[in-house]
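Open your viewer and keep the selection tool ready. We will go from the whole chain down to single residues.

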Amino acid sequence: MGYSQGAAFLPVYLALTPVNTFHLAAMFCGYLPETHLGLIGRIDAQSPFGGIPSLHFIGLQDGIIGDTMSRGLAAKFTSPLIVESSTAGHHPPLTSDPTFNDVLAFLRSF
């Protein structure tokens, strides 16, 4: 599980870890570390990380990480679950967010 820069590092970590080490990946306000070609090379070489299920939370009011950046990260996974919040900014969903239960359902399903 990663948030912001942690979410950007999550695919790097998965690229360096044997397939089937983890059962799911959850990224909040994530993006690809595109300024580092070495890291992107590792990600591209190992994507889609054994088909690991992934959740990608996108706050459509995020003024730091745009939804296009988060979608680029999601594209590195086989069947990403993209959860968009029309009210969230650069933070995971609050309990009052309509998408909060969607995120919980994904996490609880494992």
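This tour gives you one selection at a time and says what is there.

**Before you click**

This is a predicted model, in which local features need pLDDT of at least 70, side-chain atom pairs count only at pLDDT 80 or more, and totals for chains, interfaces and linings use all residues. Residues are numbered from 1 along each chain as its sequence is written, and side-chain values use heavy atoms, with hydrogens and water left out.

**Stop 1: the whole chain**

Show the chain as a cartoon. What order do the elements run in, from the N terminus on? They go β-α-β-α-β-α-β-α. That gives four helices and four strands. Helices (H or I, at least four residues) and strands (E, at least two) are DSSP runs, numbered from the N terminus.

Now look at the overall dimensions. Along the principal axes, the C-alpha atoms fill a box of roughly 40 × 30 × 20 Å. The radius of gyration of the chain is 13 Å, which agrees with the value near 13 Å for a compact globule of 110 residues. That radius is taken over C-alpha atoms, and the globule rule is 2.2 Å times the number of residues to the power 0.38.

Colour by burial next. Of the 110 residues, 40% are buried. Buried means under 20% relative accessible area, exposed over 50%, and partly exposed in between (1.4 Å probe, protein chains only).

Then think about contacts, meaning heavy atoms within 4.5 Å. Take those between residues at least 6 apart in sequence: 75% join residues at least 24 apart.

**Stop 2: helix H1**

Select residues 5–16, which form H1. This helix has 12 residues. From its first C-alpha to its last it reaches 17 Å, close to the 16 Å expected at 1.5 Å a residue. The expected span is 1.5 Å times one less than the number of residues.

Show the side chains of Ala7, Ala8, Leu10, Pro11, Val12, Leu14 and Ala15, which are buried in H1. An α-helix has 3.6 residues a turn, so residues three or four places apart point the same way. What do the buried residues of H1 pack against? Their partners are E1, strand E2 (25–28), helix H2 (37–46) and helix H3 (67–74).

**Stop 3: Leu10**

Stay in H1 and pick Leu10. Its relative accessible area is 11%, so Leu10 is buried. Beyond its neighbours within four places in sequence, Leu10 is in contact with Met1, Gly2, Ala25, Ala26 and Met27. Draw a distance from Leu10 to Met27: they are 17 residues apart along the chain, with their C-alpha atoms separated by 7.8 Å.

**Stop 4: Ser4**

Step back to Ser4, in the loop between strand E1 (2–3) and H1. Ser4 counts as buried because its relative accessibility is 12%. Leaving aside neighbours within four places in sequence, Ser4 touches Phe28, Cys29, Gly30, Tyr31 and His90.

**Stop 5: two positive phi angles**

Select Asn20, in the loop between H1 and E2. Asn20 is not a glycine, yet its phi is positive, about 75°. Buried or exposed? Asn20 is exposed, at 66% relative accessible area.

Move to Phe49, in the loop between H2 and strand E3. Phe49 also is not a glycine and has a positive phi, about 60°. Phe49 is buried, at 7% relative accessible area.

**Stop 6: a cis bond**

Finish at Pro48, in the loop between H2 and strand E3 (54–59). Zoom in on the backbone. A cis peptide bond joins Ser47 and Pro48, with omega about 15°.
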